[in-house]
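Have the model open as you read. We will walk through its sheets and helices step by step.

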Amino acid sequence: MHILMVRFSSMGDVVLQTATINWLKSLFGQDLKLSFVTSQEFVSLIDSHPGLHRVIGFDRRKGEKWKDLIKKIDLLDEEMPIDMIMDLHATLRSWRLKLSFWTVPALTVDKRRWERFLLTKIKSPLLKKLINKKVFGLEPQVERIIKDFADLFQDKQALRRTRSLRSGGHDELTSLPESQDVDLPRPYIVLAPSASFFYKRWPVNMFVELAERILKETSYHVVILAGSEDSFCDAFNTIQSDRLHNLQGKTSLKVSMNVLSKTLLCIGNDSGMNHITEAYGVPVVTIFGPTDPLFGFSPHGNKSRTISKQLWCKPCSTTGKSKCFRDRPYCMLEISVNEVYESALEIVGSV
């Protein structure tokens with residue numbers, strides 16, 4: 001059997017689909033062939049995953065046309081006929097892809113769009129407390145997708161068997177292949193201050209204050225990971241310490257993955273860096289501002305922590321993209337440096 005999985009973006013969402021890969025392999029065994037279609041910028045996330053036969057990238061940034069992607073899939077289909085398409089994105093692009101291969105049976109993920117939309121409209125704290133994860137189907141996404149599809153396959157042991165499949169040093173549902181070592185002094189803690197949208201970022205000055213406190217009160221090194229466009233991370237350069245390593249814009253995605261796989265802990269926003277970290281079995285502290293852990297994207301590791309303030313206006317949007325209507329983003333500003341620092345110490349201890 002050959003299944004084509006489709007998830008174009010984003011970084012964290014692609015990583016979360018490794019749980020689905022592990023489940024399918026645990027269900028059908030090694031005879032199952034899995035191929036994965038994603039945006040070219042995320043290919044290196046999963047191209048060496050042992051559960052995948054082929055990873056196909058779609059590079060729109062470099063002018064690749066839709067017909068080029070369809071040709072790649074056609075060639076794959078000729079080599080190994082596709083028996084099923086599993087749409088893990090449910091967007092216009094993925095629907096267009098399914099239409100291009102309309103003779104192939106397809107399954108489409110339920111993204112709980114209406115449920116998440118409803119959460120953004122309910123502004124009553126009492127009503128929010130009445131929302132039950134199971135009733136609304138808003139369990140962590142790594143479990144939700146498996147459970148939804150497992151019902152179709154009448155697989156009642158899906159989550160348990162998926163965890164037992166894991167041969168690495170952790171029992172998370174998500175997984176990434178063993179990474180290379182990195183030339184950084186250990187032990188270190190990673191700070192990932194970026195996020196896909198501005199309002200999902202805990203203020204950088206608070207990240208700087210957190211880094212200073214870790215350096216002052218512990219013996220850990222602190223590593224900053226961010227993309228080349230995240231110039232706001234220059235703020236860390238004011239810290240005078242040989243135990244601070246600002247790698248903003250200096251690493252490829254593969255190298256960043258290596259760094260995250262060897263860290264004691266990653267502290268970041270509701271973003272892909274934390275999902276990558278957990279896929280290596282490493283705990284995280286995830287800071288939620290305008291979005292909400294109820295959406296299903298909170299950390300799922302046993303040692304991980306979530307920090308989120310319950311405000312009447314939150315969540316204000318399903319993605320965190322919308323501009324805050326207040327003069328100050330209280331959902332972020334009410335999260336103190338001390339609160340994040342104490343959460344980190346609960347996980348790694350003080351050295």
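**A walk through two sheets**

In β10, Asn 269 has Ile 287 as its bridge partner. Helices (H or I, at least four residues) and strands (E, at least two) are DSSP runs, numbered from the N terminus. This is a predicted model, where local features need pLDDT of at least 70, side-chain atom pairs count only at pLDDT 80 or more, and totals for chains, interfaces and linings use all residues. Residues are numbered from 1 along each chain as its sequence is written, and side-chain values use heavy atoms, with hydrogens and water left out.

Stay with β10, residues 284-288. Four bridges join this strand to β9, and the two run parallel. Two strands count as paired if DSSP finds at least two bridges between them. Another bridge links Cys 266 to Val 284 in β10.

Now look at the other neighbour of β9. Strand β6 (residues 188-192) pairs with β9 over four bridges, again in the parallel sense. Here Ile 189 stands opposite Leu 265 of β9.

How many of the five residues of strand β9 are buried? Five of the five are, so β9 (residues 265-269) is largely enclosed by the rest of the structure. Buried means under 20% relative accessible area, exposed means over 50%, and partly exposed lies in between (1.4 Å probe, protein chains only).

Step back to the whole sheet. It is open and has six strands, in the order β8-β7-β6-β9-β10-β11, with parallel pairing. At the edges are β8 (244-246) and β11 (305-308), and each of them pairs on one side only. From one strand to the next, the twist averages 15 degrees.

Axes are lines fitted to C-alpha atoms, for helices over the stretch in contact, and angles run from 0 to 180 degrees between N-to-C directions.

Helix α12 (residues 253-262) also packs with helix α13 (residues 272-279). Their axes are 9 Å apart, at an angle of about 55 degrees. The two helices are therefore oblique to each other. The rule is this: angles under 35 degrees count as roughly parallel, over 145 as roughly antiparallel, 65 to 115 as roughly perpendicular, and the rest as oblique.

Which residues meet where α12 packs on α13? Leu 253, Met 257 and Leu 260 in α12 meet Met 273, Ile 276 and Thr 277 in α13. Contact means heavy atoms within 4.5 Å. Sorted by class, this contact has five nonpolar residues, one polar and no charged. Ala, Val, Leu, Ile, Met, Phe, Trp, Tyr, Cys and Pro count as nonpolar; Asp, Glu, Lys and Arg as charged; the others, Gly among them, as polar.

Next comes another open sheet. Its five strands have the order β3-β2-β1-β4-β5, and the pairing is parallel. The edges are β3 (54-58) and β5 (106-108); each has a single partner strand, so one side of each is left without a neighbour in the sheet. On average, neighbouring strands here are turned by 20 degrees against each other, direction ignored.

Strand β2 (residues 33-39) is joined to β3 by five bridges, and they run parallel. Ser 35 stands opposite Arg 54 in β3. Helix α5 (residues 92-100) packs on this sheet and touches β1 (2-6), β2, β3, β4 (84-87) and β5. Its direction makes about 170 degrees with that of β4.

Finish at Asp 13, in helix α1 (residues 11-16). Asp 13 has a relative accessible area of 15%, so this residue is buried. Leaving out residues up to four places away in sequence, Asp 13 touches Arg 7, Gln 141 and Phe 297.
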